[in-house]
Amino acid sequence: MTTARLSVPKEKIKFVLLEGIHDSAVQTLKDHGYTQVVTAPKALVGPELVELIADAHFLGIRSRTQLTADVLEKAGKLTAIGAFCIGTNQIDLQAALRRGVPVFNAPFSNTRSVAELVLAEIIMLMRGIPHKNAVLHRNGWVKSAAGSYEVRGKTLGIVGYGHIGTQIGVLAEHLGMQVVFVDIEAKLPLGNARQLPSLDALLQAADVVTLHVPETPETKDMIGAAQLARMKPGSHLINASRGTVVDIEALADALQRGHLAGAAIDVFPVEPQGNDARFESPLVAFENVLLTPHIGGSTAEAQENIGREVAAKLVRYSDNGSTVTAVNFPEVSLPGHAGRSRLLHIHRNIPGVMAQVNERFSKAGINIAAQYLRTNDEVGYVVIDVDSDSSRVALDELCGVPGTIRCRVLY
Ligand SMILES: NC(=O)C1=CN([C@@H]2O[C@H](COP(=O)(O)OP(=O)(O)OC[C@H]3O[C@@H](n4cnc5c(N)ncnc54)[C@H](O)[C@@H]3O)[C@@H](O)[C@H]2O)C=CC1
Ligand SMILES: O=C(O)CCC(=O)C(=O)O
């Protein structure tokens with residue numbers, strides 16, 4: 001891999017923000033002196049994506065833009081990526097790491113929004129509202145209590161008891177629901193929630209099952225025909241996690257047979273690129289299914305907070321070198337570097353790199369004022385503060401170290 005060297009003034013650093021990221025991000029960047037910000041309202045693919053990010057130093061996306069190893073390879077100047085959302089499954093994190101590109105996300109900002117939507121869906125499903133609503137839109141009328149239930153006293157099964165799952169559990173208990181959950185980790189149950197030993201036990205116990213796991217190889221098709229068959233007859237499924245978690249054909253079949261009374265689905269295996277694209281799914285045929293266009297986290301509050309939060313992380317990395325909370329990168333927390341120049345060096349984690357750095361600096365007579373190092377299996381990240389009048393020479397020396405992936409001096 002060729003070494004990427006970055007030493008450009010702030011106003012020339014280019015940010016590209018896709019997928020309608022909130023204006024709070026642009027404002028945060030501008031407030032910190034980053035004026036070159038290009039925005040696009042939707043996700044891009046293929047040549048359009050590659051062309052726009054070819055000279056970008058920082059890239060912001062949400063859940064739709066697919067950053068494969070191939071795409072990343074064509075973005076030679078890319079310094080960091082901001083995922084303005086929670087999920088980072090759309091990014092090849094390992095490929096980004098190997099290119100010396102940290103990825104930041106917003107792990108909390110939209111979790112309450114998802115929890116509120118799911119809470120509303122639990123009630124809507126238990127009252128059969130999706131079907132009743134559809135009938136009235138066709139000028140019909142179904143005033144009936146058949147298949148309509150209070151949620152009080154019913155059992156909610158939460159799959160994935162993380163930031164979102166726990167909040168839903170607490171809110172559901174306020175409605176009088178019993179909460180059970182499963183997780184791959186042992187979790188502190190909040191309120192009266194109970195952790196069950198297996199997914200099967202949860203599926204058999206719950207009146208409503210709600211999914212809040214990340215997209216991983218283990219969660220792919222986690223809910224398929226066998227799992228749906230284990231759910232109680234007349235129960236409901238909610239998925240606001242990732243489309244790959246549920247086998248949609250199997251769900252359609254369970255609905256067709258009337259085994260499930262309804263479902264609420266916010267995420268799909270294939271989602272349209274933007275608002276002008278067509279949505280296709282076997283689920284459109286079912287009036288007892290509440291379909292939403294991946295808007296679990298799409299509230300004004302969440303998007304504004306996410307815009308600020310992730311932009312601030314990108315600014316911090318650009319201004320200060322801090323990688324705290326990066327999801328794929330050695331985390332380094334750094335003090336300010338007033339009065340000195342700060343150099344960032346990302347290298348393959350092979351023996352001898354730090355010895356080379358120190359030897360080169362010593363030979364060139366460069367005084368190291370401070371040095372911070374963190375490594376993981378593949379990559380080492382060293383941050384070095386030097387007197388400003390030696391920063392150019394220091395950058396040349398650093399970039400020449402064998403194993404260098406990326407080197408940069410901060411302005
Ligand atoms: N619909 C939407 O707009 C949104 C969707 N999401 C999705 O929701 C997911 C969950 O978000 P958070 O709760 O914030 O994440 P989190 O990381 O706080 O929680 C996920 C939980 O799932 C557990 N888990 C992982 N693999 C599992 C498995 N195989 N079986 C059981 N449990 C497993 C983890 O241990 C963790 O406790 C995100 O990864 C994202 O994909 C997040 C925000 C908005
Ligand atoms: O609203 C978005 O951009 C995606 C939300 C989401 O799925 C996430 O935060 O992981």
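Which helix gives the most residues to the shell around ligand 1? The tour below leads to the reply by way of the whole chain.

**Before starting**

This is a predicted model, in which local features need pLDDT of at least 70 and side-chain atom pairs count only at pLDDT 80 or more, while totals for chains, interfaces and linings use all residues. Residues are numbered from 1 along each chain as its sequence is written, and chains are lettered from A and ligands numbered from 1 in the order in which they are written.

**The whole protein**

Display the C-alpha trace, which spans about 85 × 45 × 35 Å along its principal axes. The secondary structure comes to 13 helices and 17 strands; helices (H or I, at least four residues) and strands (E, at least two) are DSSP runs, numbered from the N terminus. Of the 411 residues, 45% count as buried. A residue is buried if 20 or more other C-beta atoms lie within 10 Å of its own, exposed if 12 or fewer, and partly exposed in between, with C-beta atoms placed from the backbone.

Next, select Ala-145 and Val-382. These two residues are 237 residues apart in sequence and 66 Å apart in space, C-alpha to C-alpha. Ala-145 lies in the loop between helix 6 (129–137) and strand 7 (155–159), and Ala-145 is exposed, with 8 other C-beta atoms within 10 Å.

**Ligand 1**

Select ligand 1 and the 31 residues that surround it, the closest being Gly-160, Gly-162, Ile-164, Pro-214 and Gly-296. A residue counts here if its C-beta atom, placed from the backbone, lies within 6 Å of the molecule. Helix 5 (111–126) and helix 7 (163–174) are the elements that give two or more residues to this shell. The reply to the opening question is helix 7, which gives the most, with three residues.

Colour the shell around ligand 1 by class: eleven residues are nonpolar, 14 polar and six charged. In this scheme Ala, Val, Leu, Ile, Met, Phe, Trp, Tyr, Cys and Pro count as nonpolar, Asp, Glu, Lys and Arg as charged, and the others, Gly among them, as polar.

**Ligand 2**

Move to ligand 2, which is surrounded by Arg-62, Ser-63, Cys-85, Ile-86, Gly-87, Asn-110, Gly-297 and Ser-298. This shell divides into two nonpolar, five polar and one charged.

Phe-181 stands opposite Gln-195 in strand 9.

**Helix 10**

Which residues of helix 10 are buried? They are Leu-251, Ala-254 and Leu-255. These residues cover an arc of only 100° around the axis, which puts them on the same side of helix 10; the arc is that of the directions from the helix axis to the C-beta atoms. They pack against helix 9 (225–230), strand 11, strand 12 and strand 13, where contact requires C-beta atoms, placed from the backbone, within 7 Å. On the other side of helix 10, Glu-249 and Gln-256 are exposed. Just after helix 10, Gly-258 takes a positive phi of about 80°.

**Helix 13**

Select helix 13 (391–399), in which Ser-391, Ala-394, Leu-395, Glu-397 and Leu-398 are buried. Seen down the axis, these residues fall within an arc of 165°, so they line one face of helix 13. What covers them includes strand 14 (340–348), helix 12 (353–363), strand 16 (379–387) and strand 17 (404–409).

**Two loop residues**

Most residues other than glycine have a negative phi. Select Glu-19, which has a positive phi of about 65° although it is not a glycine. Glu-19 lies in the loop between strand 2 (14–17) and helix 1 (23–31) and counts as buried, with 20 C-beta neighbours inside 10 Å.

End at Thr-325, in the loop between helix 11 (300–320) and strand 14. Phi of Thr-325 is near 80°, a positive value, and Thr-325 counts as partly exposed, with 17 C-beta neighbours inside 10 Å.

Key:
Two strands pair if DSSP finds at least two bridges between them. Two residues are in contact if their C-beta atoms, placed from the backbone, lie within 7 Å.
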